[in-house]
Amino acid sequence: MDHSAADTPTIALAGRDWPVPRLTPRQNRVIVPILLDLIPRVVQARAQDGGDLAQLARFLDAATYDQLVTVAHLALTRAHAALTRDEFEEMPVETLELVMALGTIAKQAGLVRDRRDDHGG
């Protein structure tokens, strides 16, 4: 891996910061299609509520929530391979934490680049 653990972004879930290293093709096969579906809906929901994430929950149905859980769980398993879906679903994770994690997960899935990663090519 090119980056040290100190350079690895984290997501805050259940009162803890979890490292999310760059994701693998095995994870991205599941994560990327979900993100491509979720992110436009999250952006639209935020626009309709003036950017107030606290109101986002009313736009989340059970299927969308399950997609959030799937993405977050798979992202965490990159650094914590032993974390099962059942264990993850028993954690006290707030809905807004799942939504806020999407940006970091999208970056680690290779869907978003930092400007510093862009070398002008």
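Of the 121 residues in the chain of this predicted model, 36% are buried (under 20% relative accessible area, 1.4 Å probe, protein chains only). Residues are numbered from 1 along each chain as its sequence is written, and side-chain values use heavy atoms, with hydrogens and water left out. Because the model is predicted, local features need pLDDT of at least 70 and side-chain atom pairs count only at pLDDT 80 or more, while totals for chains, interfaces and linings use all residues.

The chain holds two strands and four helices (DSSP runs of E, at least two residues, and of H or I, at least four, numbered from the N terminus). Their order from the N terminus is β-β-α-α-α-α.

Contacts of F88 (heavy atoms within 4.5 Å), residues up to four places away in sequence not counted, are with L13, V69, A72, H73, L76, L83, V93 and L98.

Helix α4 (residues 95–108) also contains E97. E97 is buried but forms no salt bridge (a side-chain nitrogen of Lys or Arg within 4 Å of a carboxyl oxygen of Asp or Glu); R16, the nearest side chain of opposite charge, is 11 Å away. A polar atom of the E97 side chain lies 2.8 Å from the backbone nitrogen of E94. Beyond its neighbours within four places in sequence, E97 contacts A12, L13, A14, G15 and P92.

How values were computed
Buried < 20%, exposed > 50% of the residue type's maximum accessible area, 1.4 Å probe, protein only. Lys, Arg positive; Asp, Glu negative; His and termini not counted. Polar contact = N/O pair within 3.5 Å; in protein donor to acceptor, adjacent residues only side chain to side chain.
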